[in-house]
Structures are given as C-alpha cells and as structure tokens.
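Hi,

Here is the structure I promised to pass on.

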Amino acid sequence: MKHVILASSLLLSFSSVASAQLTKLIAGYGSISSAQFPAWMAKESGIFRKNGLEVELVFFRGSTTAVMALLARETPISQVTGPPVVSASLRGADSVMIAGGYVLADYWLMSRSEIKTAEQLKGGSVAVSTFGGQSEFVARIALKKLGLTPGKDVTMVQIGAPPDRLTALLTGKVRAALLNPPDSFVGEKKGFYTLVQVSVPTQSTGVATTRRFIRENPDVVRKYVRSQIEAVHRIKIDRVAGMSVLVKYLGAQDKEILEKTYDDASNDRKLPPKQYPTLEGIKNILDPLAETDPKAKAAKPEDFVDMSFIGELDQSGYIDTLYKKR
C-alpha cells in the first residue's frame with residue numbers, strides 16, 4: 001500500500017520494492033545537453049535507487065520553465081541553471097540551489113558559414129533557449145563582446161533546447177545560435193563559424209529545490225544530494241558507462257564528438273567533486289541584474305544557496321574517501 005507524503009499530489013510517495021523502501025520522486029531537468037549528465041548517470045547506474053529514491057526524470061523546455069514547475073510544486077527538485085533560480089528568488093520565491101553541478105558556462109555563439117563578422121550578424125536573429133535562462137544570460141555577454149546590443153542590433157528568439165537551436169541554424173531560421181556541447185562540437189564539424197566563445201564562472205546546471213521542500217523533506221533532499229555526489233564520482237571514474245549514458249540521452253554520436261563531449265562534461269574545472277553551489281558564479285549572475293534591479297543590488301550570493309547538505313558530506317570525509325582511489 002502506498003503512503004502519500006504530499007496530499008495534493010503524487011510527487012512523493014513510498015513503495016516497497018525488493019524489501020527496500022524507496023521514495024518516489026519526480027525531478028525536472030531543463031535541457032538536452034551534457035549539463036544533465038549527473039542526473040542521467042544517477043538514474044541509469046542505479047545510484048538513486050541505492051540511496052532509497054525512485055526518481056522519474058521529466059524534461060522541460062529550458063530551465064526557466066523547469067523552475068516554474070518547481071515553484072508550482074509539480075516537481076520538488078530540478079536540475080536547472082542559476083539565472084532563473086536567482087530571478088525567481090528576487091521576486092520572492094523560495095527557490096534555492098543545493099548542489100553546484102556545473103560551475104562554468106562554456107558556450108559558443110555560432111553563425112552560418114557566410115556570417116563571419118559582427119557587422120554581418122546585424123539585423124539578424126540569435127537563438128537562445130528561453131528568456132530569463134542561462135543561454136540568454138550568456139548570449140548577452142557574447143553579443144557585448146562583439147559590440148552588439150540585443151533588441152537594437154540583433155533579435156534574440158526563444159527556440160528551446162540546444163539540438164533545436166542547432167536545427168534552427170541548419171535550416172536558416174536564425175543567423176546565429178548559442179550552443180554548448182555536444183551541439184557546439186556538431187556545429188563546428190558542420191562548418192558553422194564561431195563568432196565568439198564565452199567561458200565564464202557561473203552557477204550553471206545544478207540541483208535546485210525550494211526551502212519549503214527542504215523543511216518538509218530534509219531526508220529526501222539529503223538522499224538526492226548524496227546521489228548527485230556519487231553520480232559525479234561515477235562520471236569521472238567510469239568512461240565506458242559515462243559514454244553509454246550520453247548516447248542514451250543525446251542519441252547516437254560521431255565517436256570523436258562523443259569522446260570530446262565526455263571529456264568536456266567530466267572536467268573537474270566544470271564539474272567539481274565537492275559540488276558546492278558556486279558563490280562566485282551567482283555573483284556573476286547578480287551583477288548585471290543589479291544595474292537595473294535594487295533587490296539584486298542588495299542581495300548576496302549566499303541568499304540563493306543552501307550549502308548544508310553538501311557540507312555534511314564534505315565534513316564527514318565521505319567525498320574525500322570516494323576519490324582516494326581515483
């Protein structure tokens with residue numbers, strides 16, 4: 001018999017499976033890219049189940065949409081980027097990052113082969129995921145590097161996940177698109193031109209929840225964060241399993257692109273073993289917002305994170321023990 005935790009939904013329930021009690025959980029994620037690697041690995045390798053969770057991963061088109069679902073309690077936990085979490089919190093929501101995931105945004109602003117200068121891009125459109133998400137945040141940085149102003153010199157359009165943005169570029173729907181691995185590698189191979197590459201410390205795709213869910217279900221959050229730590233470790237030590245997971249979720253890949261995607265996604269600089277949310281990265285999200293938003297100007301990066309669950313695992317020595325034999 002199932003025991004429902006949240007009376008208004010079936011987001012969280014207990015069921016007996018193979019004599020172990022698993023907590024059923026719906027977790028959202030906001031892109032089809034290697035940035036979702038830890039959640040995919042935790043699901044496919046059985047790490048979630050080992051930690052007492054039966055997780056259903058649900059895809060949303062963009063982190064902005066995934067955060068909306070999080071705040072509506074459609075999903076209690078989501079793998080999302082920092083910008084929509086920060087923006088929602090500034091508007092009074094209780095969204096919070098609990099694990100850092102990827103702490104470096106690495107995007108390529110790629111154009112059709114005939115467009116090789118900022119001047120040639122003027123008057124055209126640039127594909128991003130959704131407004132308010134990380135791709136828009138990084139696109140603004142990229143365009144600024146080119147001396148272009150969104151809305152004046154170019155139009156940003158919401159296209160969706162990286163594969164959709166790549167398709168829009170292939171079909172000529174847009175003149176340029178902001179892409180990250182593996183789609184940036186695919187675009188390079190297809191002959192698209194890299195106008196600018198942006199690599200900036202930021203709170204990229206990590207684990208978010210709400211402070212309410214933490215209060216009501218701290219043990220579930222603890223299990224999820226432990227699964228995140230273990231999945232990151234598995235990614236770094238098991239290349240074969242890692243590439244198998246990437247193929248399952250990203251589709252069959254050219255071997256060279258698959259290898260490059262795995263190497264990029266398992267890099268310690270992007271995906272640190274200890275998985276603290278990045279305060280430097282959140283500051284980089286806040287700084288441009290602070291130019292027009294007094295609340296952002298007064299906010300501190302610490303306002304948008306809960307480090308306690310990662311801190312428990314770190315201080316216990318568990319994470320260091322995992323990596324002793326790496």
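First, the ground rules. This is a predicted model, so to speak: local features need pLDDT of at least 70, side-chain atom pairs count only at pLDDT 80 or more, and totals for chains, interfaces and linings use all residues. Residues are numbered from 1 along each chain as its sequence is written, and side-chain values use heavy atoms, with hydrogens and water left out.

A cavity here is a set of points, on a 1 Å grid over the protein atoms alone, where a 1.4 Å probe fits but cannot get out; lining residues have an atom within 4 Å of a point. Points are joined across faces, edges and corners, and a volume is the space filled by probe spheres set on them. Nonpolar means Ala, Val, Leu, Ile, Met, Phe, Trp, Tyr, Cys and Pro, charged means Asp, Glu, Lys and Arg, and the others, Gly among them, are polar.

Now the open space. A pocket is an open set of points with protein on both sides within 12 Å along at least five of seven lines. The largest pocket holds about 490 Å³, and Phe-137, Arg-140, Ile-141, Pro-288 and Leu-289 are the closest to its centre among 17 lining residues. Helices H4 (82–90), H6 (134–145) and H13 (279–290) each give two or more residues, and H6 gives the most, five. That lining splits into eight nonpolar, four polar and five charged.

Last, the helix pair. The axes of H11 (residues 239–250) and H12 (residues 255–265) come within 10 Å and cross at roughly 110°. Axes are lines fitted to C-alpha atoms over the stretch in contact, with angles from 0 to 180 degrees between N-to-C directions. H11 and H12 are therefore roughly perpendicular, a word used for 65 to 115 degrees.

Cheers

Key: Helix = DSSP H or I, 4+ residues; strand = E, 2+ residues; numbered from the N terminus. Parallel < 35°, antiparallel > 145°, perpendicular 65-115°, else oblique.
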